[in-house]
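Hi there,

Here is the structure I promised to send over. Please have a look at it first, and then read my notes below.

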Amino acid sequence: MNFLRFDTRRLPENEADVVVCGSGIGGLTTAIYLKELGLNPLILTRGIGNTYYSQGGIAAAVLPDDSPYLHYCDTLRAGRYLNDEINTKILTYEGIMRILDLERWGVNFDKKNGFYETTLEGGHSKPRVLKVRDFTGREIYTKLLKRVRELRIPIIEGELQELIVSENSVKGLVFLRDNSLEFIRTPIVILATGGAASMYYFTSNPTKVRGDGIGLALRSGANVKNPEFVQFHPTVLKNSNLLISEAVRGEGAILINERGERFVNELLPRDQVSRAIYRELKEGRKVFLDFRPIVKKGVKLEERFPTIYKFLRERGYDPYREPVPVIPAAHYYIGGVEVDDRGRTSVEGLYAVGECSCTGVHGANRLASNSLLEGIVFGCRTAYQVALELKLLKKENKHFKSERSGDKNPSFSVEELKKLMWEKVGLEREEGELREAKNRILRWIEEARSWEPSPQNRQLFDILLVALATVEGALERKESRGTHYRRDFPNEREAYRRDTVLFLSALLEK
């Protein structure tokens, strides 16, 4: 199912063994491993994504008194036991080795007395989060990008528009560069396009991470798994998309309301902390993050949290003297394109890694700082599987055409969709509001049949598909578990300790 109108005979054409779409930790590490295995990947990216902005760190059981099994148990507990147990063991047991790969590629984690200086974050039973002060993601991104350039892996700046799939097998892709479409003939595409939390009105995500890659995979024949689980970060600076890392609370910062009352244990899993803040806000009370307990311990904020301290000061806040106003915001899309333990989707030749994928390791609620770890652990495994699969695949010389037509523009804006998702499919949900959201999204999807086949409209359509999957998953899950909270079904129900798996034709029929 293609949205754009194109004829590959008329497009500039290139060839590649493998195309990696995205340049976060999942995409970059997959490309590096592929190159080290002797393959020639190509990276297609539309710019800096979530990895760069990750402050807190990457979790791994590196301390002598820690273990992968403890990390595994903490991950299951945070995920409310909906996790894929095999993949979760892979994450925690292989994660330690992947930390050494990151160091091999130049990442310089904080050290104390010659060993890793780790910190504690919510849901962890040990201080196992490796960090580079409060800009861990930036350090990882820049060092991985440097390694990519050293290996001479080509990078194209452009935006994925269409996957070319024939008989449930990838044949290539169409992308946009400088306002013109181009065609890459390839038997393998690895999606590393990021999550979909940006479809909410309040979000911590940068503007270039839009979630449309998941919708594109859905209309290309891939399944989407557990889309109802969206993690809301508890502490985003009010009136911004700037998050204040969980590591700040791990160091001792507390949450208070405008009366100075502490109303929650700050180190509970994020879903519980976010809902506690949300309820304070609904009661008309403002919520603040108070750094002063950290200051009393002698911590210098400008040294331990230089990025956070800088943007707070630039916006007129002095965390040494006053609490900082915060709100919860959509942060991490736990669901995504369904993949196995080696990144494979239900479409031959289509893989997914990182936040756009759903390996099942996060269950119903992601444990803090497990996302960067997932990107490299499954990026590595995906690269090895691709190296095997390429030995069996042959490139084809066929051309492909889409004759879709339309001349109308959407009757709504992406901002309207974001408001709808925040108000009806947010931190707290119930049947009536979910059905209202679903009906409106279905009307918009029906309207899209007559839209002009432009890249802008294509992007909005693919985000709509992800929004529909999120709503449908929330409707089907008649319980509360992890990040998914139903006011009309406030308890966990054992009958629903199962995954939600959706595919496009069934989704549009419901």
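Let me start with a pair of strands: E17 (residues 254-257) runs antiparallel to E18 (residues 287-290), and four bridges join the two. Strands here are DSSP runs of E with at least two residues, helices are runs of H or I with at least four, and both are numbered from the N terminus. Two strands pair if DSSP finds at least two bridges between them. Within this pair, Ile256 sits opposite Phe288 of E18.

E17 is covered on both faces: Ile254 and Ile256 are buried on one side, Leu255 and Asn257 on the other. Buried means under 20% relative accessible area, exposed over 50%, and partly exposed in between (1.4 Å probe, protein chains only).

A word on the source: this is a predicted model, so local features need pLDDT of at least 70 and side-chain atom pairs count only at pLDDT 80 or more, while totals for chains, interfaces and linings use all residues. Residues are numbered from 1 along each chain as its sequence is written, and side-chain values use heavy atoms, with hydrogens and water left out.

Now the protein chain as a whole. It holds 16 helices and 24 strands, and 63% of its 510 residues count as buried. Its C-alpha atoms fill a box of roughly 70 × 55 × 45 Å along the principal axes. Of the contacts (heavy atoms within 4.5 Å) with a separation of 6 or more, 75% are between residues 24 or more positions apart.

Best wishes
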